[in-house]
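Here are some notes for a colleague who has not looked at this structure before. Please read them with the sequence and the model open.

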Amino acid sequence: MAAPQGLGLVACAACGSQVSPAAKACPSCGDPLKVSTPVDWSGLWGSFSLVLLIFVCAGAGVVFGSLFSPDYVIVYAVGGIVTGGVLAGIGALAATLRGRQ
Ligand SMILES: [Zn+2]
């Protein structure tokens with residue numbers, strides 16, 4: 001193995017050659033280089049947490065409404081959903097802007 005290691009090269013899963021991760025396919029065997037890309041869970045987790053935020057706000061609205069004014073629980077629930085949606089929208093916008101940097 002006289003080939004220099006490092007420089008961000010990745011090993012081809014098919015033939016073991018050191019290949020630039022920017023390459024679309026292995027220059028030695030032509031195998032498409034898609035194996036070494038890690039799954040990006042941050043986007044999925046971000047979406048999940050935003051949906052969770054809406055449910056938490058809606059739940060808080062229902063609990064709050066049932067404690068203080070049971071006749072208007074639906075109003076508190078809708079208010080919680082709207083509040084959660086606004087917060088989730090701000091969070092998604094912030095995450096999008098942060099990702100562009
Ligand atoms: Zn290869």
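1. Leu 87 sits in helix α2, which covers residues 73–100. The model is a predicted one, and the points below should be read with that in mind.

2. The contacts of Leu 87, leaving aside neighbours within four places in sequence, are with Leu 53 and Cys 57. Ile 54 is 33 residues away from Leu 87 along the chain, yet their C-alpha atoms are separated by 8.0 Å.

3. Val 73 also belongs to helix α2. With 17 other C-beta atoms within 10 Å, Val 73 is partly exposed. Not counting residues up to four places away in sequence, Val 73 touches Val 62, Gly 65 and Ser 66. From Val 73 to Gly 61 the C-alpha distance is 7.7 Å, and the two are 12 residues apart in sequence.

4. Cys 26 is found in a loop, the one between β2 (18–19) and α1 (41–68). How many other C-beta atoms lie within 10 Å of Cys 26? There are 21, so Cys 26 is buried, the cut-off being 20 or more.

5. Which residues is Cys 26 in contact with, once neighbours within four places in sequence are left aside? They are Cys 12, Ala 14, Cys 15, Ser 17, Val 19, Asp 31 and Leu 33.

6. On the chain as a whole, the secondary structure comes to 2 helices and 2 strands. Read from the N terminus, the order of elements is β-β-α-α.

7. As for contacts between residues at least 6 apart in sequence, 26% join residues at least 24 apart.

Conventions
Residues numbered from 1 in each chain as written. Predicted model: local features only at pLDDT ≥ 70, side-chain atom pairs only at ≥ 80, totals over all residues. Helix = DSSP H or I, 4+ residues; strand = E, 2+ residues; numbered from the N terminus. Contact = placed C-beta atoms within 7 Å. Buried ≥ 20, exposed ≤ 12 C-beta atoms within 10 Å, placed from the backbone.
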